[in-house]
Amino acid sequence: MTYPPQPEPFAEALAEAAQTAAMAYRLMMTINDAVRRATQRRLTGKEEELGEDAAKMTPGWSAGQLRGVIGDNVLAVLMDGADWPLMARQPVGVQQAGVDLGVFLPQMGWMTAGVHQAGTVNAARIRAEGTGPSQAPAHDDAEGSGARRDAAIPGLAGHRRRDGPPRCRRDRASPGSSPMPTKREPASTMPSPRSPQHVLHRARAQARLPLPRPLPPYVADTSRMGDHDTVLVRLRAALRADDPWTALYALHTPNTDRPGPLAGAVEELYRSDTDHTAFRPYLTWLLRSLGEPGDAVLLRLLATPGLAGDDRQDLLRTAVVRGLRLPAELLHTYAQDAPASSGGNAGTGGSPAPELVDAMGLSGDPSFAPLLGALLEDPAAPRGRAALALGRLGARAWTAPIAGRLSEVTGLDHTAFSVALELMGDPAAVPHLLRWLAESGEERVYDVHHALVRLTGRDPLLPERANGAAYAAAVRAAWADGRTERASAVVRDFVVESGARARFSVDEGAGRIRVAFDPPSPGSSWPRWDRCLTFDRKPLYRVGSLCDTCELGLTLLDWPDDEAARIAARMRGRLADLNRLDTELLSEWSPVLGELETGHYRALLLDLPLEQVAEPARSWWYRRAAARAEADGDDGERPEYDRPEDYWPGVAHFQLTAPVPGGRVPFTYGALLPSQPPEALDPATVARHAAAVAAGERPAAAVLGWIDDRYVEALHEERWLVGAILDGHHRLAAYAAAGVPARVLLLARVGEGSGADGGLEGLAEVAAVYGCRE
């Protein structure tokens, strides 16, 4: 007998699997923490660190959050490591950065469970087959150790990349948020490519990991079954597939027009399957994506007596993401039965779970206001969400308490308090906001400035390139005199750099045409995330977030009212044959330019080679994604769920015939989107403009645009010239049909929130290639 005694093979396999799972957790959290630090440095110029007292508390706090989530054996390995005090800080840092740990940590647990299971099975198999380290020469070098680690995770060695779960370009909302309804989208929507499910299953696909609890394949003859039974059997088979997300997508897609049977099958499985907890993430995802039939199932399940706590929490989160108004009686019952969430963001001392707070705000019932207001005083409670809930309820009695506590909150809570005041729309908040600006030494003043602009209508001009302390000083100076009444717009600082380039500024702009933040999505940790191009606050195109590692995508939401066309038409006379820019021309257009958002602008007169694209596969929105995949080594066919339609903005539009070559960013893609239905264009008018172009005239179109810089997935530099056509749809159609470069007057806002250096660089590159040379 050898000493020490050798563990039996399966126990040793379990121990090695726990080590492997702990390594996977360390790797993922290290990456997340690095992303968090890089994002904070990029946005605020510094990383947010924990205070000394908070740092001492993190080991115990983090252990409590992870216990029961990642497995006790994996947690034990982590806590035994010398780096545990440092590792324990990472969940806290991620939470302070705005990540909802109630969603994030279970996903991490799911990932580590998959690694743990794969390691257990493979380590036991290696020993059973006699191919393990005990039967082979020991390798102490890094290569040997790496090979053994790869062997514990099937398919990892030599693997480059596999495609992830179903993608969808339409839902650009933040994780856990609800997509904005549109007139052109079906009620059924697929999940975001940046959702936790997407990230998790992309990681699973890359490592070829099985499900944590694999089930045998379910095969049945469905030829004689009714519609409900057929869908139910297919749903069971999809859940037991090696790649459930792809199987569910294949099942979901043909049911988008008739989601009722699939919703009914999900309900039956949720109620009756003894192992439905293994399927819970899939089932709630389906309910979230099935529109009104899925909503009806959610309401029925939530009303089920004796619903398990985990089921109730998951269903409630899904209902919040869908923006459902739940009965007040049900929410009162939940508040009494389960005062706190098991998620990492739950309050302590009996404060309601974050998802319950969100549901109270969506209920429309003012009786929740006192309970929510009490949470504002508790630093351990989800008070940012409580403030937003009060804002959604329009409980103006809590305007002063929210505004008065701005000096007590930081980070995303501070943003949430400011956004809550915007949702209230109560002018009584303005004196509190002005007092905070005057008395606070904070550099992060954007949220308060934004709230003042929304509540007063006054939008003072700030310096073009100010940031950090200079930006904070400029904001304070702009509001120092206490003036809140809106002044008339002033267009000034005209500088004509050449016949094709000019710049000007708009002070106290009316902002009728602007890119604005959407109201916060229910269930999201980010009070400000998605944005829309709006006219008189009516959303026209969803623009997506400012997240610079997310890909850009636009989605048509609605068409503007006729007033937008009338405003743009006031520029039409001078656009008929525009050959150069001058100060007189810009001054003449001042009444129209004053309708824009306050800011600094560049006016470029361009000759753009455009084509009209009506097929999703021909658009740059899809082709750039295919180019990224090719650069990553994906030289095979695109997966069936990665469809061109998922990248399509929802409308035929104009695009550059080829990307603009650049320097720091290799290419600039270009797309000009319509502000009126393309099918409404008059063929006779198009023909008239085509004749003018053939005769040598150059009628111009007016476009409001911007440069958008992204570092997609932290791998691909990507730049877009994006424009919304204000006037000249018929002219652009005539140019595209004739194959003649289109004369375009581009009005682009630069500086604060508009691409900053990248915006100026991109505009300069476009002007250098396509600037009008007449």
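Me: Which backbone nitrogen lies 3.1 Å from a polar atom of the side chain of Ser-545?
Reply: This is a predicted model, in which local features need pLDDT of at least 70, side-chain atom pairs count only at pLDDT 80 or more, and totals for chains, interfaces and linings use all residues. Residues are numbered from 1 along each chain as its sequence is written, and side-chain values use heavy atoms, with hydrogens and water left out. Ser-545 sits in the loop between strand E5 (538-544) and strand E6 (555-556), where helices (H or I, at least four residues) and strands (E, at least two) are DSSP runs numbered from the N terminus. The nitrogen 3.1 Å from a polar atom of the Ser-545 side chain belongs to Cys-547.

Me: Is Ser-545 buried or exposed?
Reply: Buried means under 20% relative accessible area, exposed over 50%, and partly exposed in between (1.4 Å probe, protein chains only). Contact means heavy atoms within 4.5 Å; leaving aside neighbours within four places in sequence, Ser-545 is in contact with Trp-529, Asp-530, Arg-531 and Arg-710. Because its relative accessible area is 6%, Ser-545 is classed as buried.

Me: How many residues of helix H17 are buried?
Reply: Helix H17 covers residues 383-393. Its buried residues pack against helices H15 (354-362), H16 (369-375), H18 (399-404) and H19 (411-424).

Me: Which side chain meets that of Arg-322 in a salt bridge?
Reply: A salt bridge is a side-chain nitrogen of Lys or Arg within 4 Å of a carboxyl oxygen of Asp or Glu. Arg-322 counts as buried because its relative accessibility is 18%. At 2.8 Å, N to O, its partner is Asp-295.

Me: Is Asp-709 buried or partly exposed?
Reply: The side chains of Asp-709 and Arg-719 meet in a salt bridge at 2.6 Å, N to O. The pair links distant parts of the chain, with Arg-719 in strand E13 (residues 716-727) and Asp-709 in strand E12 (residues 701-712). Arg-719 is buried, at a relative accessible area of 0%. Because the relative accessibility of Asp-709 is 22%, this residue counts as partly exposed.

Me: How many salt bridges does the structure hold?
Reply: One network of salt bridges links Arg-664, Asp-709, Arg-719, Glu-761 and Glu-765. Elsewhere, Glu-508 and Arg-458 meet in a salt bridge at 3.1 Å, N to O. For the structure, the number of salt bridges is 38.

Methods. Polar contact = N/O pair within 3.5 Å; in protein donor to acceptor, adjacent residues only side chain to side chain.
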